[in-house]
Amino acid sequence: MWLEIVLASVLGLVIYWFVSRDKEETLPLEDGWWGPGARPPGGEDESIRPFKVETSDEEIDDLHRRIDKARLTPPLEDSRFHYGFNASYLKKILSYWRNGFDWRKQVEVLNRYPHFKTKIEGLDIHFIHVKPHELPSGRAAKPLLMVHGWPGSFYEFYNIIPLLTDPKNHGLSDEHVFEVICPSIPGYGFSEASSKKGMGAAGGLATARIFYKLMLRLGFQEFYIQGGDWGSLICTNMAQLVPSHVKGMHLNMALILRNFYTLTLFLGRRFGGLFGYTERDMELLYPVKEKIFYSIIRESGYMHIQSTKPDTVGCALNDSPVGLAAYILEKFSTWTNSEFRDLEDGGLERKFSLDDLLTNVMIYWTTGTITSSQRFYKENMGKNFTAEKPFRMKVQVPTGFAAFPCELLHIPEKWLKFKYPKLISYSYMARGGHFAALEEPELLARDIIKFVGLLERQ
């Protein structure tokens, strides 16, 4: 008992010493060229061009032929989603995809918001830009960049955009009204993929820089940013690169990899209060063996594949819409709620509509970008990636965080404050998992608005 107390005290002093050593640093902005060949002389075309999502009979017919030829392996008895996507339920998905899903109608839904493309560092970058239809008298819209992750897309934000651009008509306060910019990460959906290696090196800095240049090109010198999954890393990198341009950053996931607070996990169950853990933290973290270690092992197989040889599995997924759907939708099951593994249908339709799920899959399928999207893991998780400066650096930008209870890993407020010392808002969300903007748009919108309100009142 006394030994544990001494160890806890020593660890607390070490943590205090490291926390008290805040240094305001920024990363060099630098430049890059990710298009094919060498950078052309004379600079690139900086025009912003309207873009429209389109489809054709040939595209739809090809999809249907491939679905018709699907060859599935029967699941083991009572296996539910413990072995991955259950083939019995997949048959239902495929039947709807083939006979009920209307891709032309969903293309119209995608085109509901204005789409654009512009060349940045050699790549054609796709984004949607949604402005409020009207503003309260004397108010200006606040620019908000929202960044998706894998295996999501810009479409994840379609349900939250109206709550941010027109909050009053959706039951929210109109004290803060936003104009929302949602880009596609290079190599995802309608954004061109890099032709060169190294784009994600040192934590996605190139993508952060490209999105910063996008915001400047749109005329925004200061703006808010928001992200989960890869979007949280890209936003964090942007705050490290250009903190004077980022008014505030809101996250619903964080990668806390080099943090002395993580060592407290082993003593936290007995001395949680000493390390700043709340009762809710304890509920979400313990037992550590099940909620962290087993969970990471069970859910990280895809990450190892995509961080080492993404092109191999990419060949199969890019050739089979059925395989692609199973691979992506399995994440929308277990990452939304780990207990959904115990259900025959993976709980997919408890939180999402099949139209929304299949529209996200179709963005990957019709653009042929599953392989390039997976390469983002290879580029970002190279040898000793956690030793890179972006992972070690603190972020000196006002930050808000929404802790959704079913996220892959719960991050306590104390852990976050180590990397984000200007954390001014931390919320335990009532429900929700990894794909928060799509699953719980109102909860996320309310927390973003709360964060901005706190920041602007300071």
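**A walk through the predicted model**

This structure is a predicted model, and the mean pLDDT of its chain is 91, with 91% of the residues reaching 70 or more.

A place to look next is the second largest pocket, whose volume is about 460 Å³. Its lining comprises 19 residues, and those closest to the centre of the pocket are Leu-284, Lys-291, Ser-338, Pro-405 and Glu-407. By class, the lining divides into nine charged, five polar and five nonpolar residues. Helix H9 (279-285) and helix H10 (288-299) each supply at least two residues of this lining, and H10 gives the most, with five residues.

The loop between H9 and H10 holds Pro-287, and the peptide bond that joins Tyr-286 to Pro-287 is cis, with omega at about 0°. A cis peptide bond also joins Trp-150 and Pro-151, again with omega of about 0°; here the proline is found in the loop between strand E4 (142-147) and helix H5 (161-165).

The backbone deserves attention at two further loop positions, where phi is positive in a residue other than glycine. Asp-78 has a phi near 55° and is placed in the loop between helix H2 (57-68) and helix H3 (87-99). Glu-121 has a phi near 50° and is found in the loop between strand E2 (115-120) and strand E3 (123-130). Is each of these side chains' residues buried or exposed? Asp-78 has a relative accessible area of 55%, and because exposed means over 50%, this residue counts as exposed. Glu-121, by contrast, has a relative accessibility of 1%, and since buried means under 20%, Glu-121 counts as buried.

An α-helix has 3.6 residues a turn, so residues three or four places apart point the same way.

Definitions and conventions
Residues numbered from 1 in each chain as written. Predicted model: local features only at pLDDT ≥ 70, side-chain atom pairs only at ≥ 80, totals over all residues. Heavy atoms only, no water. pLDDT = per-residue confidence, 0-100. 1 Å grid on protein atoms, 1.4 Å probe; cavity = no way out; pocket = protein on both sides within 12 Å on 5 of 7 lines; lining within 4 Å. Points joined across faces, edges and corners; volume = space filled by probe spheres on them. Helix = DSSP H or I, 4+ residues; strand = E, 2+ residues; numbered from the N terminus. Nonpolar A, V, L, I, M, F, W, Y, C, P; charged D, E, K, R; others polar. Buried < 20%, exposed > 50% of the residue type's maximum accessible area, 1.4 Å probe, protein only.
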